[in-house]
Amino acid sequence: ILIAIFILVTVLSTVYAAYRGTFRIINDSERDGEIYGMARNTMLRIIKDLSAVTKAGGTFKFISRASESAGANFREIAFTSRAHLSWAENESSGTLAEITYYVDQEGPEGGARLLRRDIPNAEAGNEGQDRKGFVICEGLYSVTYKFTDSSGQEHDSWDSTAGATNERNMIPTIASIELKIVNPQDKERPYRFATKVFLPAANAVAVQQ
């Protein structure tokens, strides 16, 4: 009887360990899938917005600086683009808009949140300035941008309204984006996603010059 009980306990322990291991792998895979899906959708949205950057009232608005509320690991960006997303019946998508990506403090799952604010008719001044942004990415460890000008020089920030001479009323030719998302299993090794976006409007300006 003792031998039978010993064998039974051994078998049950092995089965339970395999059972827990299987579900841990499933949970990890589901979490990874959600993170990768969120990062992919975020990158696609930023790429579409930046690819449609254009002038408003004959001038470019393209500003990126460190976030005042979230810290040095987070940067914010604002620009005019023809990538407006319509949520109202009296608005149409694809019109001129002022788009801002900004970061707020920690979300419910830890890490910061990236929000997208989309104000249509940027040339109309302050109209719609009270609009809140929509959360498009959560659990951020950091979000940074780098910009390459027409001479190939890389910049950590950009200001087409009051920046350096080579930035005044200009936009970068390439924008590099890096998202890092908190890894619940290892806080020191966040998930990293990066891409580069070519801005067609910058090439058009260079050709005209």
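We're looking at a predicted model, so local features need pLDDT of at least 70 and side-chain atom pairs count only at pLDDT 80 or more, while totals for chains, interfaces and linings use all residues. Residues are numbered from 1 along each chain as its sequence is written, and side-chain values use heavy atoms, with hydrogens and water left out.

**Overall layout**

The chain has two helices and nine strands; these are DSSP runs numbered from the N terminus, with H or I over at least four residues for helices and E over at least two for strands. Reading from the N terminus, the order is α-β-β-β-β-β-β-β-β-β-α. Of the 209 residues, 39% are buried (buried is under 20% relative accessible area, exposed over 50%, partly exposed in between, with a 1.4 Å probe and protein chains only). Take the contacts (heavy atoms within 4.5 Å) with a separation of 6 or more: 56% of them come from residues 24 or more positions apart. The accessible surface is about 12,400 Å², and carbon and sulfur atoms hold 53% of that (Shrake-Rupley method, 1.4 Å probe; for residues, only the protein chains shown count as cover).

The largest nonpolar core has 35 residues, and Leu-50, Phe-62 and Leu-140 touch the most other members. Such a core is a set of buried Ala, Val, Leu, Ile, Met, Phe, Trp, Tyr and Cys residues joined through side-chain atoms within 4.5 Å. Among the elements that give two or more residues to this core are helix 1 (2-51), strand 5 (134-148) and helix 2 (200-208).

Leaving aside neighbours within four places in sequence, Phe-62 is in contact with residues including Leu-50, Ile-77, Phe-147, Trp-158 and Ser-160. Ser-160 itself sits in the loop between strand 7 (158-159) and strand 8, and counts as buried because its relative accessibility is 4%. A polar atom of the Ser-160 side chain lies 3.1 Å from the backbone oxygen of Phe-60.

**Salt bridges**

Side chains of opposite charge can pair when their charged atoms come close. Searching the whole structure turns up nine salt bridges, each a side-chain nitrogen of Lys or Arg within 4 Å of a carboxyl oxygen of Asp or Glu. Here are some of them:

| Pair | N to O distance |
|---|---|
| Arg-65 and Asp-159 | 3.7 Å |
| Asp-104 and Arg-113 | 2.6 Å |
| Arg-192 and Glu-178 | 2.7 Å |

How exposed are the partners? Arg-65 is partly exposed at 44% relative accessibility, whereas Asp-159 is buried at 14%. Asp-104 is buried at 18%, and Arg-113 is partly exposed at 24%. Arg-192 is exposed, with a relative accessible area of 54%, while Glu-178 is buried at 18%. Salt bridges with shared partners also join Arg-45, Asp-49, Arg-116 and Asp-118 into one network.

**A patch on the surface**

Ile-3, Phe-6, Ile-7, Val-11 and Val-15 make a nonpolar surface patch of about 530 Å². Patch members have over 30% relative accessible area and no salt bridge; nonpolar side chains (Val, Leu, Ile, Met, Phe, Trp, Tyr) are joined within 5 Å, like charges within 9 Å. Ile-3 belongs to helix 1 and is exposed, at 65% relative accessible area.

Terms used. A polar contact is a pair of N or O atoms within 3.5 Å; within protein, one must be able to donate a hydrogen and the other to accept it, and residues adjacent in sequence count only if both atoms are side-chain atoms.
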